[in-house]
Amino acid sequence: GERQPVTELQGIGIVGDPVTGRARVVDDPASAELDDGDILVCVTTDPSWTPLFMVAGALVIDTGGAMSHGAIVARELGVTCVINTGTGTRDIPDGATITVDGRSGRVTIANP
């Protein structure tokens with residue numbers, strides 16, 4: 001059957017108060033186009049992703065834990081972050097309005 005749109009994901013809250021913005025699903029940091037305040041949604045990160053953290057209003061990362069690259073850098077920079085959502089890059093449409101709560105680990109998709 002047809003898959004229903006997902007309206008909420010749960011991951012590990014790393015840091016930060018809730019942030020609402022436009023989701024930008026990115027698979028390659030070299031070709032990413034983020035505006036200030038966009039929410040970066042990706043599978044995983046490594047040091048090549050760090051410049052995008054400076055622009056992003058928040059981060060949603062599919063894999064990792066509290067001691068992974070994305071989580072550590074998010075804490076250092078104070079960027080709201082939810083990690084280990086599992087399916088964020090699949091379930092969050094690029095351009096959707098989402099709210100990322102870095103304390104509870106909840107990601108809410110307003111217009112899936």
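**Close-ups of a predicted model**

**View 1. Strand β8 and its partner β7.** β7 and strand β8 (residues 106-109) run antiparallel and are joined by four bridges. Here helices (H or I, at least four residues) and strands (E, at least two) are DSSP runs, numbered from the N terminus, and two strands pair if DSSP finds at least two bridges between them. Look for V100, which sits opposite V107 in β8. The β7 and β8 hairpin has four residues between its strands, and G105 there has a positive phi near 85°.

This is a predicted model, so to speak: local features need pLDDT of at least 70, side-chain atom pairs count only at pLDDT 80 or more, and totals for chains, interfaces and linings use all residues. Residues are numbered from 1 along each chain as its sequence is written, and side-chain values use heavy atoms, with hydrogens and water left out.

**View 2. Strand β7 meets β3.** Strand β7 (residues 97-101) also pairs with β3, in the antiparallel sense, over four bridges. R22 has T97 in β7 as its bridge partner.

**View 3. The loop around D17.** D17 lies in the loop between β2 (12-15) and β3 (19-25). D17 is partly exposed at 44% relative accessible area (buried is under 20%, exposed over 50%, partly exposed in between; 1.4 Å probe, protein chains only). Beyond neighbours within four places in sequence, D17 is in contact (heavy atoms within 4.5 Å) with T80, V100, G102 and R103. D17 and R103 are 86 residues apart in sequence, yet 6.4 Å apart C-alpha to C-alpha.

**View 4. Two cysteines, C42 and C81.** With a disulfide taken as two cysteine sulfur atoms within 2.5 Å, the count is zero. C42 is in no disulfide, because the closest cysteine sulfur to that of C81 is in C42, 8.5 Å away and too far for a bond. C42 is buried at 0% relative accessibility, and C81 is buried with a relative accessible area of 0%.
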